[in-house]
Amino acid sequence: MTLAAPASVAAVQKRTILTLVATQAVGAMGITIGIATASLLARDLSGSESMAGLSQTTQVLGAAVAAYVLGRVMDVRGRRFGLVAGYLLGAAGGLLAVLAGVVGSMTLLLVGAVLLGATTAANNGARYAATDLAPARSRARALSVVVWATTFGAVIGPNLTGVAEIFSDSVGIPALTGPFAIGSVGMLAAALVVGVFLRPDPLLVAREGAPATEKAKGTSWRRAIAVIRERPALAAAVVGQAAAHATMVAVMVMTPLHMEHGGAGLEIIGLVISGHVLGMFAFAPVAGWLADRVGRADVMALGGGVLLVSLVLCAAAPEGSSARIFVGLFLLGLGWSLATIAAATSVADHTPLEVRADVQGTADLIMGVAAAAAGAVSGVVVDLAGYPALALGTILLVTVLFGAAYVARKAA
C-alpha cells in the first residue's frame with residue numbers, strides 16, 4: 001500500500017497514536033504492578049538485602065538487550081511485529097516470576113525478570129513508533145502523548161498490590177507473586193491491542209513515502225554506532241537519556257526497601273511508587289510541548305535540575321513513610337520524564353530513516369545497560385552505606401546529564 005497523500009498519512013498517524021495510547025494504558029499496568037514487591041521478593045528468595053535490587057536490575061538489563069533485539073526485528077518486520085513479540089515475552093516472564101515464588105528459586109526469578117524486560121523495551125519502542133509519521137514541529141508532542149498514556153495503567157498498577165494479595169490467597173500462591181500474575185494479563189492484553197489495531201505499520205508507511213535512497217533494509221550494530229558517532233547532537237541525546245534513566249532506576253529500586261525498614265506496609269509503599277509513576281508519565285505532554293517550543297537540550301537540562309532536587313529530598317528522607325520520600329520520588333519521576341522525552345525526541349530528530357529502528361534500539365540498549373549497572377550498584381551502596389548515601393552519590397549521574405544537555409545545545 002502506498003500512501004502518497006498527506007491526508008492519508010495523517011489518518012495513519014492518528015490511528016497509530018490511538019492504538020499506542022490504548023496499548024500503553026494496559027501494558028504499563030502489567031509492567032509496573034510488580035515494582036513495589038520485586039525487591040522484596042528478591043530479598044526473600046535470596047536471603048540477602050544486598051541482593052534485593054537484583055531482580056529489577058536484571059529486568060532493566062533484560063530490557064536493554066531486548067531493546068536492541070526488538071529494534072532489529074522492527075527494522076525488518078515493522079513496529080507491530082516487534083511490539084507484539086515484546087509484550088508476549090514479558091507475559092511469559094511474569095508467569096516465571098510467579099513460579100519462582102512458588103518453588104523458591106532466585107534463579108528462576110532472574111530468568112523471569114529478563115523476559116519481563118522485553119515489555120519495558122516494547123513500551124520504549126512504542127514511543128518511537130509515535131514519531132515515525134509525525135511532523136518535526138510536533139514530534140515531541142506525539143511521543144509525549146504515548147508516554148502520557150502510560151499514566152493510566154502505571155498509576156493503577158502499583159496500587160493493585162492489595163488486590164494482588166487477595167488474589168494470591170485465593171489461588172494459593174505467595175503474596176509477593178500476585179502482582180506478577182495480574183501483570184501478565186495486562187501484557188497479554190497489550191499484545192492483543194497492538195497486534196489487531198496497529199495497521200498499517202507506521203514505520204513501513206514512513207519508508208514507503210521516503211526517497212529511494214532512504215529505503216535500505218536492516219543495518220549492523222557497527223553502522224548504528226557509526227551513525228551515533230557522526231552526529232554530536234545524537235550522541236549527546238543517547239548519553240543524556242542513559243544518565244537520566246540510570247539516575248531514576250538507581251534510587252527507585254531501593255526505595256521500597258528503605259521504606260520497609262521504617263515499618264511502611266505494602267499499601268503505603270505502593271502509594272509512593274504510584275506517585276513516582278505519576279511524575280514519570282502524567283506530565284509528559286507538558287514535557288513534549290516544552291521540547292517542541294524551547295528546544296530538546298534545554299528541557300534535558302531542566303530535567304536534570306528536577307532530578308537534583310529529588311535526590312536531595314530522598315537523601316534527607318527518614319526510613320519508613322515521610323513527606324520527603326513522597327515528594328522526592330514524585331520529582332524523581334518528573335525529572336526523568338522531562339529529560340528522557342527531550343532526549344528520545346532528539347534521537348528521532350537526528351537519526352536517518354533507513355537506520356531509525358536500529359539506532360533507537362541501540363540507544364535504548366545503552367540506556368538499559370547504564371540503568372542496570374546503576375541498579376546493581378545501588379543494592380551494594382545501600383547495604384554498606386545506606387539509602388541517603390545512594391541518593392547523594394547518584395548526583396554524579398545528573399552531572400553527566402547536564403554535560404550531555406550542554407553538548408546537545410552547542411551541536412543543535
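How many aromatic pairs does the count come to? Two, by the rule used here. Keep in mind that this is a predicted model.

Take phenylalanine 281 and tryptophan 336. Their ring centres are 5.7 Å apart, with 80° between the planes, and the pair is edge-to-face. Phenylalanine 281 sits in helix 13, residues 266-281, and tryptophan 336 in helix 16, residues 323-350, so the pair ties together parts 55 residues apart in sequence. Both phenylalanine 281 and tryptophan 336 are buried.

The other pair is phenylalanine 283 with phenylalanine 330. Here the planes stand at 85° and the centres are 6.0 Å apart, so this pair is edge-to-face. Phenylalanine 283 is in the loop between helix 13 and helix 14, phenylalanine 330 is in helix 16, and the pair links these distant parts of the chain, 47 residues apart.

Next, charges over rings. Arginine 77 lies over the face of phenylalanine 81, 3.9 Å from the ring centre.

Last, the surface. Leu61, Val65, Val69 and Val369 make a nonpolar patch of about 310 Å². Which helix gives the largest share of the patch? That is helix 3, residues 54-77, with three residues. Leucine 61 is found in helix 3. With a relative accessible area of 41%, leucine 61 is partly exposed; patch members need over 30%, so leucine 61 clears that cut-off at 41%.

Key: Residues are numbered from 1 along each chain as its sequence is written. This is a predicted model: local features need pLDDT of at least 70, side-chain atom pairs count only at pLDDT 80 or more; totals for chains, interfaces and linings use all residues. Side-chain values use heavy atoms; hydrogens and water are left out. Patches are made of residues with over 30% relative accessible area and no salt bridge: like charges are joined within 9 Å, nonpolar side chains (Val, Leu, Ile, Met, Phe, Trp, Tyr) within 5 Å. Accessible areas come from the Shrake-Rupley method with a 1.4 Å probe; for residues, only the protein chains shown count as cover. A salt bridge is a side-chain nitrogen of Lys or Arg within 4 Å of a carboxyl oxygen of Asp or Glu. Helices (H or I, at least four residues) and strands (E, at least two) are DSSP runs, numbered from the N terminus. Buried means under 20% relative accessible area, exposed over 50%, partly exposed in between (1.4 Å probe, protein chains only). Rings of Phe, Tyr and Trp (its six-membered ring) pair if their centres lie within 6.5 Å; planes under 30 degrees apart count as stacked, over 60 as edge-to-face and the rest as tilted. A charge sits over a ring if NZ of Lys or CZ of Arg is within 6 Å of the ring centre and within 35 degrees of the ring normal.
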